[in-house]
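Let's take a walk through this fold, one region at a time. Have the sequence and the model open side by side.

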Amino acid sequence: MKKYYTESKYKKWNTTRSKKTIRSKQKRNKYDDTAFGTPVYNFRKPKRKPDPVIAPLNLCLLENTEECLVFFQKIRKRKSVGKIGRSNMVQMDLSNVAFIDYSTVCVLIAIITDLKSRGIFITSNLPKSQECKQKVLDCGLLNVMYDNQGRPFKRVDTSDLHFIEKGSKKLTKSDNRRISETVRRACQHLSGSGGYNKRLRTILLEICGNSIEWGGTQNRQWLLGVKYENDRAIFTVTDVGVGILNTLKKKPFVRLSDVIQAKSDDDVLRGAFIKKYGSSSQKINRNKGLPSIRTGFEDGLLRNLKVLTNNVILHYDNESNSGEFRENLHFKGTLYRWVVTQESLKIN
């Protein structure tokens, strides 16, 4: 029997059904945007393609730090998210990039993976410069990337990239095994005849344990990366959580002392590397990662040590380059980067 919706009894029924349909569409079109604040509902917004986030010409994080940080912030902003089909996307434009370093690639991989865990995917093109394009391919960036049509790139396996879950609050046996294999491969690459370095493994275990405790990403992962070059191996540990300075648990009397002495953020970060501040978990066996990196650098095992977190970067190999960034410019996370050579392995 045909219903006439102008009649009162059918008019009420039709209104109720319409509301249910609208609520169902709202639920389907919801995506998690906790990285940027409260959840966002896109069902009322037009399905637009995202405006591209254009990378600077020099995308070397350790040389052109401030421009790179601005680029990272734009990628993670809510307004950069658009629609391609039914997917939430951020479009990254690397076409004009002429210089890029391994540290930048590791940070991009960590950011891409973190956004992906929130239901936001990143599309990208490749640099026009053939040298820069090959460097991007060798570093494994495309393993977690999508092209302009939203399709994944073909995977490459020319560098070591290990994601470690932080949910268990401790390193698993599998994590320990992968770290040991990475150290063994690095020693073999540098010496050409195998070998092993227990101290390098201990440093990695300690700093990775630190990252597990202090990290705050949605996907609860940190990234260990190793890039093999002719006469050296570049190590990076990357976490795009909240950063060391925002999670550091200071003892009350130390906090008061810092206020009285008007210590800057870079001085506070240096204090963490000499175990001045307590662990956020207050466990006596924690907070060993930062001091172990510092002593490894002082003893010559780790070279060209850099630490980037929040609004501070430390260049342990050249203190004149260390310092704080301008207001409203910061790195949401932590990056440790150092180099191991054949000579440094012989010393240690």
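## The β10–β11 hairpin

A hairpin of three residues takes the chain from β10 into β11. β10 covers residues 221–228, and its partner β11 runs over residues 232–239. The two pair in the antiparallel sense over six bridges, where pairing takes at least two DSSP bridges between the strands. One of the bridge pairs puts Tyr 228 against Ala 233 in β11.

How much of β10 is buried? Eight of its eight residues are, so the strand is largely enclosed by the rest of the structure. Buried means under 20% relative accessible area, exposed means over 50%, and partly exposed is what falls in between (1.4 Å probe, protein chains only). Gln 221, Leu 223, Gly 225 and Lys 227 point one way from β10, while Trp 222, Leu 224, Val 226 and Tyr 228 point the other way, and all are buried.

## What kind of model this is

This is a predicted model, with local features requiring pLDDT of at least 70 and side-chain atom pairs pLDDT 80 or more, while totals for chains, interfaces and linings use all residues. Residues are numbered from 1 along each chain as its sequence is written, and side-chain values use heavy atoms, with hydrogens and water left out.

## The chain as a whole

The protein chain has eleven helices and 15 strands. Of its 348 residues, 48% count as buried. Its accessible surface comes to about 18000 Å², with 49% of that belonging to carbon and sulfur atoms; the areas come from the Shrake-Rupley method with a 1.4 Å probe, and for residues only the protein chains shown count as cover.

Now for contacts, meaning heavy atoms within 4.5 Å. Among those in the protein chain with a separation of 6 or more, 70% link residues 24 or more positions apart.

## Two nonpolar cores

A nonpolar core is a set of buried Ala, Val, Leu, Ile, Met, Phe, Trp, Tyr and Cys residues joined through side-chain atoms within 4.5 Å. The largest one has 43 residues, and Leu 59, Phe 71, Phe 72, Ile 75 and Leu 141 have the most contacts inside it. Elements that each supply at least two residues of this core are α2 (65–75), β6, α3 (102–117), β8, α4 (130–139) and β15 (331–341). The largest share comes from α3, with ten residues. Beyond four places in sequence, Leu 141 touches Leu 94, Val 105, Leu 108, Ile 109, Ile 112 and Val 136.

A second, separate core has 39 residues, including Cys 187, Leu 205, Leu 224 and Ala 233. Cys 187 is buried, at a relative accessible area of 5%.

β6 (87–93) pairs with β8 in the parallel sense, over five bridges. Met 89 has Phe 121 in β8 as its bridge partner. β8 spans residues 120–124 and is mostly covered, with four of its five residues buried.

Ser 95 sits in the loop between β6 and β7 (99–100). Is Ser 95 buried or exposed? At 12% relative accessibility, it counts as buried. Its side chain makes a polar contact of 2.7 Å with that of Asp 93. A polar contact is a pair of N or O atoms within 3.5 Å; within protein, one must be able to donate a hydrogen and the other to accept it, and residues adjacent in sequence count only if both atoms are side-chain atoms. Leaving aside neighbours within four places in sequence, Ser 95 is in contact with Asn 125, Leu 126, Pro 127 and Lys 128.

Lys 306 lies in β12 (residues 303–310) and counts as buried at 11% relative accessibility. Its side chain is joined to that of His 315 by a polar contact of 3.2 Å. Other residues that Lys 306 touches, beyond four places in sequence, include Leu 62, Asp 317 and Tyr 336.

With a disulfide taken as a pair of cysteine sulfur atoms within 2.5 Å, the count comes to zero. Cys 132 is in no disulfide, and the nearest cysteine sulfur, that of Cys 60, is 7.9 Å away. Cys 132 counts as buried, at 4% relative accessibility.
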